[in-house]
Amino acid sequence: MKKHIANSNVRYRRFTAEDAAAAHELSLAAGWPHRLADWQFVQRLGTGFVAESKDGVIGTAMCWGHGQEYASLGMVIVPPDCQGQLIRRQLLSHVLTEIGDRTILLSSSPQCRPLYEQLGFTPFGEVRQHQGTVIQSQAALPVPGDRIRPIGNSDKIKIATLSSRAAGMPRGTVMAALLESAEGGVIIESYEQVVGCAVLRRFGQGYAIGPVIAPDIARAKALISHWAGSHAGAFMRVDVALAGDMSPWLSGVGLMPVRDVVTMARGEPPLLDKNLHQYAMINQALG
């Protein structure tokens, strides 16, 4: 039987580190794969709000700043047995006020898209979630003159610059935190020049690869193949832009398409570097 919670009985407050466990329980109930550690990672990087009733936390929404001009919004979750739409709107109102005048980016399911459009967001791209157990039948090798090697301490500034160019907004803070907690990161060098990177981290039931940044799809495939080859048989997830032939190729290595989302912006989307691309996101919340 569905509960009916009057909006007057719900209070809204800032998301704290102590709320991560309750948020994790909400996401499990919604079928999300996130671990408690995944919630703790995004909570440390950003800010957010929770909706709370007498039964505890019943909704969450978070945001992350990327420099002075951009922010992303995500981890919006409200159980359907509450007054979901009203609570969702209130949570979003708090987050949008927190973000202020920045351009705001998000990834939306088809079901939530109408609400975000009402709030002034417009679509500008699509992302496909791939996941599964890795096989190696379509491994992609580095092109002649390239080599893939682990990221060293002296590479971190270069990686932050690559990520910022590919995303069209500052990514130094996010990338520093990601590299600190990741299982590993690799770069691809072309004649000793760093031209791309890929990060592997624990996530959900296994691992996630992202971001994957490269000047072309051949190098992006080589970076993904590096991690797929070293973790054959593991469960992996990659969230990729729906462009080129990356999606069919991922299916060929055992990572099947499971879900599409639309990327949306309130304000002007970032101007991307034409010579560098983010083929895979960090995740759908952080972009």
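This is a predicted model: local features need pLDDT of at least 70, side-chain atom pairs count only at pLDDT 80 or more; totals for chains, interfaces and linings use all residues.

Student: What makes the pair R13 and E52 a salt bridge?

Tutor: The closest N and O atoms of R13 and E52 are 3.1 Å apart. The criterion asks for a Lys or Arg side-chain nitrogen within 4 Å of an Asp or Glu carboxyl oxygen, so the pair qualifies. R13 belongs to strand β1 (residues 11-14) and E52 to strand β2 (residues 47-53), so the bridge ties together parts 39 residues apart in sequence.

Student: Is E52 called buried or exposed, and on what value?

Tutor: The relative accessible area of E52 is 17%. Buried means under 20%, and E52 is therefore called buried.

Student: Which residues make up the salt-bridge network that includes R13 and E52?

Tutor: R11 and D19 join R13 and E52 in that network. In total, the structure holds 16 salt bridges.

Student: How do you know that R14 and E98 form a salt bridge?

Tutor: Their side chains meet at 2.7 Å, N to O, and the limit is 4 Å, so the pair is counted. This pair links distant parts of the chain, with R14 in strand β1 and E98 in helix α3 (residues 84-99), 84 residues apart.

Student: Why are R14 and E98 termed partly exposed?

Tutor: R14 has a relative accessible area of 42%, and E98 has 32%.

Student: Why is K54 called exposed, and which residue does it pair with?

Tutor: The relative accessibility of K54 is 78%; exposed means over 50%, so K54 is classed as exposed. Its salt-bridge partner is D55, with the closest N and O atoms 3.5 Å apart.

Student: Turning to the nonpolar part, which residues touch the most other members of the largest nonpolar core?

Tutor: That core has 31 residues, and those touching the most other members are W39, V42, M62, W64, M75, I159 and L286. Elements that each supply at least two of its residues include α1 (20-29), β3 (56-66) and β9 (193-203). The element giving the most is α6, with four residues.

Student: What does L286 contact beyond its neighbours within four places in sequence?

Tutor: L286 is in contact with F41, V42, L45, W64, H66, S72, R171 and V174.

How values were computed: Residues are numbered from 1 along each chain as its sequence is written. Side-chain values use heavy atoms; hydrogens and water are left out. Buried means under 20% relative accessible area, exposed over 50%, partly exposed in between (1.4 Å probe, protein chains only). A nonpolar core is a set of buried Ala, Val, Leu, Ile, Met, Phe, Trp, Tyr and Cys residues joined through side-chain atoms within 4.5 Å. Contact means heavy atoms within 4.5 Å.
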